[in-house]
Amino acid sequence: ASPFTGRGSIMSASMLLALTSHGNAPYLMAARLASALGRIQVIIPDYYQETQRRIILEELPDCGSFVWFSRELGEILYPLLLDVSNGSSFGKFGKTLAEPDNPQGVLAIENRLYHVLQNGLLIESMDGKAKRKVYQKDLCGVLNSTLPIRAGVANHIFFFTGMMSHLYGTLPPGDTSPESLRTLEDLHAYSQIWRNVEDTYSMSFIPRINAFSYTSESTKGVIPTPPLAFRRQKVQNLDEPSLLFIPSGTRTDVRALNRLANQPLVGCKRLIMGYSRESSDFSEKEFSRVNATVFGDPLLKGVVSRGGWGTIWECICNGIPMAVPRLDFSDDPEIGHTQLALHHKGIGMILDDDIEPFLDSSIREKMTEEIERIQTEDKRIFGFLSEDGFSFMALKILEMYPEWMEYSQTKEAING
């Protein structure tokens, strides 16, 4: 049986524990939220070692004062990260994780985390010079984006594109393929595990534009937010119109993305996001490597990606049209819903085997207009925080937990 049945209570605690899934966006979002909270100290699972440190320092140069990494936490949580390069399908992966007697399943990992937090979790500073152990009693809250784990810590805060039990437990309308129906059946127990985790959330944030934006339904008790991204500073590093290709952490899209990326791009240069760890599938001769500052470059004309929400929110904040290779629920349940939402909102194009439709500048301009409509509506709803979902969440969290102000390294900035 799991030791986690509810929301425990902690008195003298000042650190946050981040439970982040595959890829770069989740741990970057957790670090950004900790920064917006006044640089409250946050422990991040160390999945990718030097690459992870390099990326987080690029995005948050001052994070050395509040971000801690834990290799031990990364090793405990790593079996929860999907990587289809091992031949697993999403359905089989979720089904296996939900098996109660699986030593690498959710229940076993949850128990392992509980015992480590009782006995001390080893963490180290960004530069590796400071090492210490932290215990459950040292934690004031959990930032979950997105792992099906209960850490037995009070103040479990969730933020993502939809409730995961809904993403994994419902088929997108119109998708009745045998593969998707089988995947839905395979994910039944995994979806139930997510429901149990969701019962422990003390606050849930889902951006207004999300994976279920193709429907008008809203989730009870959820706080809608601006995009979980921000408007980038203008830069002028590109020397010609360019398309950016972004491979995902799950690698569910590598073949499809490669097929699109290697077609002729008349009038556009090819860019690839990331370091060689995550984009070794793309030739350095054909692609120029860039980092996220490129979102502020006026010569970036479009983004082609799996359609992860870190990328989508970045594009919405920066007015950039998107295209995604067609995937369905059986490939990746989240993306099955996402593609419907992108199409419904008119901000992303679903591509089959041909990138040419996305090269039509008039089509991209129409998508840009729809993105600008979303930006205008966000300004009306969220005011000056419409371009910074992290600061919006931080204000709501500090209203709920004013005592967290005491753990902030920038109290004056927050009070101001």
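Modeller: On a 1 Å grid over the protein atoms alone, a cavity is a set of points where a 1.4 Å probe fits but cannot get out, whereas a pocket is an open set with protein on both sides within 12 Å along at least five of seven lines, and lining residues have an atom within 4 Å of a point. This is a predicted model, in which local features need pLDDT of at least 70 and side-chain atom pairs count only at pLDDT 80 or more, while totals for chains, interfaces and linings use all residues. Residues are numbered from 1 along each chain as its sequence is written, and side-chain values use heavy atoms, with hydrogens and water left out.

Colleague: Which residues line the largest cavity?

Modeller: The lining consists of Pro227, Arg231, Ile316, Cys317, Gln375, Asp378, Lys379, Ser386 and Glu387. With Ala, Val, Leu, Ile, Met, Phe, Trp, Tyr, Cys and Pro counted as nonpolar, Asp, Glu, Lys and Arg as charged, and the others, Gly among them, as polar, this lining divides into three nonpolar, two polar and four charged residues. Helices (H or I, at least four residues) and strands (E, at least two) are DSSP runs numbered from the N terminus; helix α13 (361–382) and helix α11 (309–318) each supply at least two lining residues, and the largest share, three residues, comes from α13.

Colleague: How many cavities of 30 Å³ or more does a search of the whole structure find?

Modeller: The search finds two. A volume is the space filled by probe spheres set on the points, with grid points joined across faces, edges and corners, and for the largest cavity this space is about 60 Å³. The second largest pocket holds about 430 Å³, and of the 18 residues that line this pocket, Arg208, Asn210, Glu217, Ser218 and Thr219 are the closest to its centre.

Colleague: How should I read the strands, and which residue is the bridge partner of phenylalanine 245 in β13?

Modeller: Two strands pair if DSSP finds at least two bridges between them. Strand β10 (residues 242–246) runs parallel to β13 and is joined to it by five bridges, and the partner of phenylalanine 245 is valine 304. Valine 304 is also the bridge partner of alanine 323 in β14, a strand (residues 322–325) that is parallel to β13 and joined to it by two bridges. Buried means under 20% relative accessible area, exposed over 50%, and partly exposed in between (1.4 Å probe, protein chains only); in β13 (residues 300–305), five of the six residues are buried.

Colleague: What is the general idea behind a nonpolar core?

Modeller: In soluble globular proteins, nonpolar side chains tend to be buried together. A nonpolar core is a set of buried Ala, Val, Leu, Ile, Met, Phe, Trp, Tyr and Cys residues joined through side-chain atoms within 4.5 Å. The largest one here has 114 residues, of which Leu17, Ile43, Ile56, Val67, Leu244, Phe295 and Trp404 touch the most other members. Helix α1 (residues 25–36) gives the most to this core, with seven residues, and a second, separate core of 17 residues includes Leu265, Cys268, Phe282 and Ala323.

Colleague: Where in the backbone is there a cis peptide bond?

Modeller: Serine 145 and threonine 146 are joined by a cis peptide bond, with omega about 0°, and threonine 146 lies in the loop between β6 (139–145) and β7 (156–159).
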